[in-house]
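Trainee: Before we discuss this model, could you show me the chain, and then take me through the terms as they come up?

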Amino acid sequence: MNTIQLQKDAAQAQQQAGGETICSITEVSKTYTGGFRALEAVSLDIEKGEILALLGPNGAGKTTLISIICGIVKSSGGTVTVDGYDVSRDYRQSRSLIGLVPQEINLEPFETVSNTVNFSRGLFGKPKDAAYIEKVLRRLSLWDKRNDQIVTLSGGMKRRVLIAKALSHEPRVLFLDEPTAGVDVELRKDMWEIVRALQADGVTIILTTHYIEEAEAIADRVGVIDKGRLLLVEDKTTLMQRMGTKQIRIELQDELTSIPDGLSHYELEIDNSGNALIYTYDPSGGRTGITSLFSDLKSAGLVLCDVQTHQSSLEEIFVDLIKAQT
């Protein structure tokens, strides 16, 4: 696959969607027998054609939310609609629009890949369509394995079969629950390309993940869930600009033991090595103070050897958000 072209196609597909809501979640809550509250008043609009990544620690409520949208778990309160169909009242219509790739691999081991995928299509009452199934299997690099039994496949190939099953009935919304859990880095990046290609085809994708770099690499928006509460949902780039910080590491010719008086108002930190200063600033704050800092460094007689910048990652932002809730 051409990664650059897929990214362009996906971006165009998302832009053409124009912010149209395909899935609306309103004040959804879930309390299990025994009193455990898995979700609390979660509201979220999922836009047509986007890739939305739901981040959160174990037990945050991600899988419960997906299960409610897919009609597997009944909510304790609130409403969910998919393309205008209520997931409880209009179960058949809403479920036909949804594809679900579960976290657990649960496939009939002695069935072939082709039969497995065709059977899933039949469950949704779809007529046979050999050309479409071939397209799906080729897209997922499964065509050469179509006559192989599931038991003979690697773990990564089995995950691809799960995606093929979820796509068999031509859904408009695809849920991926930890799609790359337990796979190696190379296969994970291959799966990212598959997700981008699906988006370019017009499929709306919601994925839960523990891999922050996964959300950072492919998501359009990021939602953060913790303890059943949706803490935020925001455009990924905007989130990183709004909550991210930048650091400048200034390597010096001579070792420092303390900050010179003329630099005290910059809130600089001395690196553990003693040969570098760390300056943290908000890139969205307008005046960063960088120009005056370098001027004052020169006035203080400090000789610079190198300057490096570091942007806060999505992982750092995520960790800070979760810590703020504890």
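Mentor: Let us start with a definition: angles under 35 degrees count as roughly parallel, over 145 as roughly antiparallel, 65 to 115 as roughly perpendicular, and the rest as oblique. This is a predicted model, in which local features need pLDDT of at least 70 and side-chain atom pairs count only at pLDDT 80 or more, while totals for chains, interfaces and linings use all residues. Residues are numbered from 1 along each chain as its sequence is written, and side-chain values use heavy atoms, with hydrogens and water left out.

Trainee: Why are α4 and α6 called roughly parallel to each other?

Mentor: Their packing angle is about 30 degrees, with the axes 7 Å apart, where axes are lines fitted to C-alpha atoms, for helices over the stretch in contact, and angles run from 0 to 180 degrees between N-to-C directions. α4 and α6 are therefore roughly parallel. Helices here are DSSP runs of H or I with at least four residues, strands are runs of E with at least two, and both are numbered from the N terminus.

Trainee: Which residues of α4 and α6 meet?

Mentor: From α4, Val 113, Thr 116, Val 117 and Ser 120 meet Val 161, Ala 164 and Lys 165 of α6, contact being heavy atoms within 4.5 Å. By class, this contact has four nonpolar, two polar and one charged residues, where Ala, Val, Leu, Ile, Met, Phe, Trp, Tyr, Cys and Pro count as nonpolar, Asp, Glu, Lys and Arg as charged, and the others, Gly among them, as polar.

Trainee: What makes Thr 180 buried or exposed?

Mentor: Buried means under 20% relative accessible area, exposed over 50%, and partly exposed in between, with a 1.4 Å probe and protein chains only. Thr 180 has a relative accessible area of 1%, so Thr 180 is buried. This residue is found in the loop between β7 (173-177) and α7 (185-200), and, leaving aside residues up to four places away in sequence, Thr 180 touches Arg 188, Met 191, Tyr 211 and Glu 214.

Trainee: How do you know that the buried residues of α5 line one face of the helix?

Mentor: In α5 (residues 130-139), the buried residues are Tyr 132, Ile 133, Val 136 and Leu 137. Seen down the axis, they fall within an arc of 135 degrees, so they line one face of α5; the arc is that of the directions from the helix axis to the C-beta atoms. These buried residues pack against α4 (113-123) and α6 (155-167), whereas the face turned away from the buried side carries the exposed residues Ala 130 and Ala 131.
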